[in-house]
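Biologist: Please take one part of this model and go through it closely. I would like a connected account that starts from a single contact and then places that contact in the rest of the chain.

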Amino acid sequence: SLDDQIKANVLVSTMNSEDIDRINKDLRTLLNEDKNFYGESDNLETNLLSAHQKFISTYFQIKNLIGSIARGKLPNATEFSKIAENSFEESYDYWEVAVNELNKLLKKRITHHRYLKYMSTVISYFILTVSIIIALLVIQSLVRRFDNIVNDLFQQAKTAKAANKSKSVFLANMSNEIRTP
């Protein structure tokens, strides 16, 4: 019908201008994320480009079938079903390849972040241990100084006591000599 031809024309037009651009931009974004966000993968680009090409091939087959409907030529129902099913399978395979490859990269990034977290924990424990050792050495030094000060004070007290005793003996002797003619 004319109504179906108009709908098919609109769909083919959309597939030409918007969908294929979006699909290609999504691929470029995914490949750029590989390098910029997840780290590089040896096989992401190869696997993804292969799946992309297969999907694009079936995409154009579907677009051509819809184009023939737009021109008023109805395709064979079996042929249309076969191409539609193949296109669906290729789109799913494309999606699955992208998900699997990005999961590998994500696991790689998670492993890297776990390593960084582990290393920062090890470094923190090391710094803490060194800080405790330094604090213990400072405390030990302060205790030695305190012991030396206390010993010096006791020594000075003994000396003062001995001097006081000598002074008392001297004064007693002098007093005794002064009183005795």
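Modeller: Lysine 104 and glutamate 101 sit three residues apart in helix 3, which is about one turn of the helix. The two form a salt bridge, and their closest N and O atoms are 3.3 Å apart. This is a predicted model, and the count of salt bridges in it comes to one.

Glutamate 101 has a relative accessible area of 4%, so it is buried, because buried means under 20%. Lysine 104, at 47%, is partly exposed, because that value falls between the 20% limit for buried and the 50% limit for exposed. For the chain as a whole, buried residues make up 19% of the 181 residues, and glutamate 101 is one of the buried residues.

Now the setting. The protein chain has three helices and zero strands, and from the N terminus on its elements run α-α-α. Helix 3 itself covers residues 77–179.

Valine 97 also belongs to helix 3. Its relative accessible area is 24%, so valine 97 is partly exposed. Valine 97 and asparagine 47 are 50 residues apart in sequence, yet their C-alpha atoms are 7.0 Å apart in space. A second pair of this kind is serine 57 and glutamate 90, which are 33 residues apart along the chain and have C-alpha atoms separated by 9.1 Å. Serine 57 is part of helix 2, and with a relative accessible area of 39% it is partly exposed.

Helix 3 also takes part in the largest pocket. The elements that give two or more residues to the lining of this pocket are helix 1 (2–38), helix 2 (44–70) and helix 3. Rolling a probe the size of a water molecule over the atoms shows where empty space is left. In the largest pocket that space is about 200 Å³. The lining consists of Arg22, Ile23, Asp26, Leu27, Leu30, Leu48, Phe55, Ser91, Tyr94, Trp95, Ala98 and Val99. Sorted by class, the lining has nine nonpolar residues, one polar residue and two charged residues.

Technical notes: Residues are numbered from 1 along each chain as its sequence is written. This is a predicted model: local features need pLDDT of at least 70, side-chain atom pairs count only at pLDDT 80 or more; totals for chains, interfaces and linings use all residues. Side-chain values use heavy atoms; hydrogens and water are left out. Helices (H or I, at least four residues) and strands (E, at least two) are DSSP runs, numbered from the N terminus. On a 1 Å grid over the protein atoms alone, a cavity is a set of points where a 1.4 Å probe fits but cannot get out, and a pocket is an open set with protein on both sides within 12 Å along at least five of seven lines; lining residues have an atom within 4 Å of a point. Grid points are joined across faces, edges and corners, and a volume is the space filled by probe spheres set on the points. Ala, Val, Leu, Ile, Met, Phe, Trp, Tyr, Cys and Pro count as nonpolar, Asp, Glu, Lys and Arg as charged, and the others, Gly among them, as polar. A salt bridge is a side-chain nitrogen of Lys or Arg within 4 Å of a carboxyl oxygen of Asp or Glu. Buried means under 20% relative accessible area, exposed over 50%, partly exposed in between (1.4 Å probe, protein chains only).
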